[in-house]
Amino acid sequence: MEDYFLKLISAEKSYGETKILKDISIGLHKGRTVGLLGEKGAGKTTLCKLICGIERQTEGKILFDGKKIKKDTKKRLRFLLSEDDISKFKTISEIFDFYETFYPDFSRKKAIDLMRTFGMDTEQKIANNKGINQLTALCVLGSGSADLYVLDEPLNYYDGSEREFYLKEVFRTFETHPLIIISTEILRGIEPLLDDVVFMHEGRVKLCKSVEEIRIRTGKGAEDFYKEAYGFGNL
């Protein structure tokens, strides 16, 4: 059996009588950037939370580097802060203080360097600006050293060229050749960064392939193939 860095085996998640995820079985390799794609309500955010150990699956297994996700395992994972998480702090400096306290690998210098690259003021207060808050979260994400990074709907307030630029700059800071999972409804600016894609629909995984394999088999890029599949109900 292939040696996957992250493996889900018949994973399911229910809230009461409502089943959100159904029989999820996929394997992903370290050193790859994976697009987790699907419409709103497909189950992407729930799956991200299971992968990071924020929530537990109702059925099945999730193996990280061959082991179940436990407290020690979570030190090797990073989940992109949401806008709501960021807004709980008063200043960016306060966020940095929090991360220095709870994450030994957090590098304030890395975070500040990224913010300067993005033209941001590291002393500014947290404002009611969702786009800036998303960038702040991204800078925090890029300031540590992990083996798995999960980004749920990053930078959806920016256009394609901006998304590609910001994500590339953050990914350059990663030192461990990690597995990167990007959950999104919209591929603009993200496709050039992807090695693999996972298509979700109504709580199920409908496809898990490399971008190159899709291109060879269909003659289409991942975004065009994704739009066609959803547009014609082929999933």
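## Terms and basis of the model

A residue is called buried when its relative accessible area is under 20%, exposed when over 50%, and partly exposed in between (1.4 Å probe, protein chains only). Helices (H or I, at least four residues) and strands (E, at least two) are DSSP runs, numbered from the N terminus.

This is a predicted model, in which local features need pLDDT of at least 70 and side-chain atom pairs count only at pLDDT 80 or more, while totals for chains, interfaces and linings use all residues. Residues are numbered from 1 along each chain as its sequence is written, and side-chain values use heavy atoms, with hydrogens and water left out.

Helix H1 covers residues 44-51, and six of its eight residues are buried. The buried residues in H1 are Lys 44, Thr 46, Leu 47, Cys 48, Leu 50 and Ile 51. Just after H1 comes Gly 53, with a positive phi of about 80 degrees.

H1 lies across strands S1, S2 and S4 (59-64) and runs at about 120 degrees to S1. Such angles run from 0 to 180 degrees between N-to-C directions, and axes are lines fitted to C-alpha atoms, for helices over the stretch in contact; contact means heavy atoms within 4.5 Å.

S1, S2 and S4 belong to an open sheet of four strands with the order S2-S1-S4-S5 and antiparallel pairing. Its edge strands, S2 (18-28) and S5 (67-68), each pair on one side only. Two strands pair if DSSP finds at least two bridges between them. Seven bridges join S1 (residues 6-15) to S2, and Tyr 15 has Thr 18 in S2 as its bridge partner.

## Strand S3

Strands of a sheet pair through backbone hydrogen bonds, either parallel or antiparallel. Strand S3 runs parallel to strand S8 (residues 179-184), and five bridges join the two. In this pairing, Gly 35 stands opposite Ile 182. S3 also pairs in the parallel sense with strand S9 (residues 196-201), over four bridges. There, Leu 37 has Phe 199 as its bridge partner.

Why is S3 largely enclosed by the rest of the structure? Five of the five residues of S3 (residues 33-37) are buried, so the strand is largely enclosed. In a regular strand the side chains alternate between the two faces of the sheet. In S3, Thr 33, Gly 35 and Leu 37 on one side are buried, as are Val 34 and Leu 36 on the other.

## Helices H3 and H4

Helix H3 (residues 92-102) and helix H4 (residues 108-117) pack at an angle of about 150 degrees, with their axes 10 Å apart. H3 and H4 are therefore roughly antiparallel (angles under 35 degrees count as roughly parallel, over 145 as roughly antiparallel, 65 to 115 as roughly perpendicular and the rest as oblique). Ile 92, Ser 93, Phe 96, Asp 97 and Glu 100 in H3 meet Arg 108, Ala 111, Ile 112 and Met 115 in H4.

Tyr 103 is in the loop between H3 and H4. With a relative accessible area of 28%, Tyr 103 is partly exposed. Tyr 103 and Thr 173 are 70 residues apart in sequence and 17 Å apart in space, C-alpha to C-alpha.

## Cysteines

A disulfide is counted for a pair of cysteine sulfur atoms within 2.5 Å. By this rule there are zero disulfides. Cys 139 is in no disulfide, and the nearest cysteine sulfur, that of Cys 52, is 19 Å away. Cys 139 counts as buried because its relative accessibility is 0%.

The sulfur of Cys 208 is 14 Å from the closest cysteine sulfur, in Cys 48, which is too far for a bond. At 35% relative accessibility, Cys 208 counts as partly exposed.
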